[in-house]
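Student: I've got a structure open and I'd like to learn how to read it. Can you walk me through a few features?

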Amino acid sequence: MKTKLKEKITLRPRGRKVDFEVLKSLEKLLDVTSYRRDHLIEYLHKIQDSNGAITKDYMTALSTLMGISQTEVYEVATFYHHFDVVDSEKDKPPALTVRVCDSVSCELNGANELAKMLDDYYKGTVRIQKVPCIGRCQSAPAAVVKMNPIDNATFEKVKKNVDAKAFYPELPDI
Ligand code: FES
């Protein structure tokens, strides 16, 4: 009886099927000779930065290239608010995101009011996203314009940086 049951089981790959066009473009984007499990977050950053989001096709391709489960890639990608996991290209968020921390220190210093003012002003043309602590509690409320952190953020400060397309922090001279 046991043998008969075993015979009936046919193994098949689990999860989504790989799109080979996406796989090729991902290989080109990552441009590495061997894939390292401890570089998963770096790979996800590269996809996010070049595509503006991480589609499910890219997550499937990445898990195939790295030889890890699709679940592992999905769990890491969805854990961090900097990654936008979407079904497909058409679901991508607006090109610019302003993140406003709404954890305790920032909330006590007006983060929710700031996020609302920004939302009312930009009306979806810029995505305003409330996020948990970004490690700048001493300068609450803190916001991030794309990748540029804004300490003691106000509506005027955020708008000034958005208008100037100041999307990256100024690095100190070394
Ligand atoms: S609570 Fe807002 S940066 Fe930490």
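Tutor: The C-alpha centres of domain 1 and domain 2 lie 28 Å apart. Domain 1 covers 13–90 and domain 2 covers 97–163, with bounds from an automatic or database domain assignment. Keep in mind that this is a predicted model: local features need pLDDT of at least 70, side-chain atom pairs count only at pLDDT 80 or more, and totals for chains, interfaces and linings use all residues. Residues are numbered from 1 along each chain as its sequence is written.

Student: At what angle do helix 4 and helix 5 pack?

Tutor: In general, two packed helices are described by the angle between their axes and the distance between the axes. Here, helix 4 (residues 56–66) and helix 5 (residues 70–79) pack at about 125 degrees, with axes 8 Å apart. Helices here are DSSP runs (H or I, at least four residues), numbered from the N terminus. Axes are lines fitted to C-alpha atoms over the stretch in contact, and angles run from 0 to 180 degrees between N-to-C directions.

Student: Which residues of helix 4 and helix 5 make the contact?

Tutor: Met59, Thr60, Leu62 and Ser63 come from helix 4, and Gln70, Val73, Tyr74 and Ala77 from helix 5. Contact means C-beta atoms, placed from the backbone, within 7 Å.

How values were computed. Helix = DSSP H or I, 4+ residues; strand = E, 2+ residues; numbered from the N terminus. Contact = placed C-beta atoms within 7 Å.
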